[in-house]
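Let's take a friendly walk through a protein model, going from a sheet to a single residue and then to a pair of helices. Keep the 3D view open as you read.

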Amino acid sequence: MHSEWGDPRSWLVAGSIAGGAILLSLIAHRIVFALTARFARRKNAQLSHSFVQRAWRPALFIFPLMALVAALPAAPFPPNIRVVLQRVLGLGVIAAIGWAVVLFVQLLSDAIYFKYAVDVSDNLSARRIRTQTQVLNRIAVVVVVLLTLGVMLMTFPEVRHIGISLLASAGLAGLVVGMAARSTLASLIAGIQIAMTQPIRLDDAVVVEGEWGWVEEMNMTYVVIRIWDQRRLVIPLTYFIEKPFTNWTRTSSELLGTVMLYADYSLPVEDARRELHRLLETSDLWDRRAWALQVTDATEKTMQLRCLMSAANGSRLWDLRCFVREGMLRYLTSQHPQSLPTARELNFTPNGPGAAPPSPPAFQNPKTSSRS
C-alpha cells in the first residue's frame with residue numbers, strides 16, 4: 001500500500017510544486033488581463049476589449065493547465081498517479097488547443113464586425129460581409145468542437161477499438177442515424193448556401209409568411225425576424241431555400257413606395273401634384289431621388305391617384321408614406337372638399353332635364369272600351 005501510493009514526503013513536495021505552479025499561473029493571468037484591459041480602455045481598442053471579454057474565463061482554466069504541464073516533470077508523483085495526470089493533462093491540452101482555435105475564429109469575426117459597420121445609410125456591402133462572417137463563424141466553431149472531441153476520444157485505445165467495430169457493422173445503423181439527422185444536415189447545408197448565395201442578410205427588410213420585419217439573427221438552423229411590432233418570428237433556414245419570400249433590400253436599401261388615393265373627377269390633378277411635391281420637400285424622410293403623382297385608374301365613380309416617393313430604407317419609407325397620406329387627405333378635405341368621392345344618382349327624362357316624368361296611363365276596362 002505504501003509503495004503503491006508513494007512516500008508522503010514525495011506527495012508533499014509534489015503538491016507544493018503543483019500548488020505553486022497553479023498560484024503563479026493565476027497571478028500571471030491577472031497581470032496579463034489587467035494590462036490588456038488597461039490598454040483597451042486607453043487606446044479604445046475594440047479588438048483588445050473583445051479579447052478580454054471572450055478569453056478571461058477560459059483562461060482561468062488554460063493558465064493553470066499549462067503551469068501543471070510544465071511542472072509535472074519536476075513533481076515526484078508516484079508512477080501510477082503520474083500516468084493518470086499525464087492522461088488528464090493531455091486531454092486538457094487538446095481542449096486548450098481547440099479553445100484557442102475557436103477564440104481565433106471569434107476574434108477574426110469580431111475584427112470583421114468592427115471594420116464593417118451597419119449604422120450607415122449605404123450598408124449593403126457591410127451587411128453582406130457580416131452575414132457571411134456570422135454563418136461561417138458558427139459553422140467553423142461547430143467543426144472545431146467536433147474535431148477536438150474526436151481527437152480527445154481517439155487518445156483512448158478502448159474507444160478507438162469500439163469505433164473500428166462500429167464502423168465495420170454500421171450499415172443499417174448509419175442509415176437510421178442519417179435519416180434521423182437529415183433535418184439537421186439540411187439546415188447545415190442551407191446555412192452554407194445562404195452564406196454563399198445570400199438571399200437574405202442581416203438587417204434585411206423582408207416579408208415572410210405575411211409578416212414584415214428585419215433579419216435580426218442568423219443561427220445554424222434558424223433565422224430570427226424582428227417584426228415591426230417588436231415580435232420575433234423564428235424561421236428555419238431551409239425555408240429561405242425552398243419557399244418564396246420578399247426581400248426589400250436585396251440589392252439596395254433604397255426603396256420606392258406608393259400611396260393610393262381616390263378622388264372625384266372634379267379634382268385638379270396638377271394642383272394635387274404640386275401639393276405632393278410640397279409635402280415631400282418639407283420632410284427629411286424623402287431622399288429626393290424620385291417622386292410622381294399619376295392617375296392610374298378611372299372607374300364609374302372615382303379616379304385613382306398613385307403618389308410615388310423614395311426613401312433611404314424601409315423604416316423611413318413607412319413613415320414617409322404615412323406622412324404623405326395624412327397630408328394629402330388634409331389637402332383634399334380643406335382645399336377641395338367637393339372632390340371627395342361621392343355617389344351620384346341622376347334622373348334623365350325623355351322631355352328634357354327640367355320636365356316632369358310622364359304620368360302612367362289610366363286603367364281602362366276592356367269590356368267598356370269595346371262597347372264605346
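Strand S3 (residues 222-227) pairs with S4 in the antiparallel sense, over 5 bridges. Keep in mind that this is a predicted model. Within this pairing, Val-223 has Ile-235 in S4 as its bridge partner.

Now look at the whole sheet. It is an open sheet of 5 strands, in the order S4-S3-S2-S1-S5, with antiparallel pairing. Strand S4 (232-236) and strand S5 (246-247) are the edge strands, as each pairs on one side only. In general, strands of a sheet pair through backbone hydrogen bonds, either parallel or antiparallel.

Next, find Val-206 in strand S1 (residues 205-208). Is Val-206 buried or exposed? Its relative accessibility is 1%, and buried means under 20%, so Val-206 counts as buried. Leaving aside residues up to four places away in sequence, Val-206 touches Ile-200, Glu-211, Trp-212, Gly-213, Val-215, Ile-225, Thr-246 and Asn-247. Val-206 and Arg-226 are 20 residues apart along the chain, and their C-alpha atoms are separated by 9.8 Å.

Helix H3 (residues 46-71) and helix H4 (residues 79-115) have axes 10 Å apart, at an angle of about 170 degrees. Because of that angle, H3 is roughly antiparallel to H4. The table shows which kinds of residues make up their contact.

| Kind of residue | Residues in the contact of H3 with H4 |
|---|---|
| Nonpolar | 18 residues |
| Polar | 4 residues |

Key
Residues are numbered from 1 along each chain as its sequence is written. This is a predicted model: local features need pLDDT of at least 70, side-chain atom pairs count only at pLDDT 80 or more; totals for chains, interfaces and linings use all residues. Side-chain values use heavy atoms; hydrogens and water are left out. Helices (H or I, at least four residues) and strands (E, at least two) are DSSP runs, numbered from the N terminus. Buried means under 20% relative accessible area, exposed over 50%, partly exposed in between (1.4 Å probe, protein chains only). Contact means heavy atoms within 4.5 Å. Two strands pair if DSSP finds at least two bridges between them. Axes are lines fitted to C-alpha atoms, for helices over the stretch in contact, and angles run from 0 to 180 degrees between N-to-C directions. Angles under 35 degrees count as roughly parallel, over 145 as roughly antiparallel, 65 to 115 as roughly perpendicular and the rest as oblique. Ala, Val, Leu, Ile, Met, Phe, Trp, Tyr, Cys and Pro count as nonpolar, Asp, Glu, Lys and Arg as charged, and the others, Gly among them, as polar.
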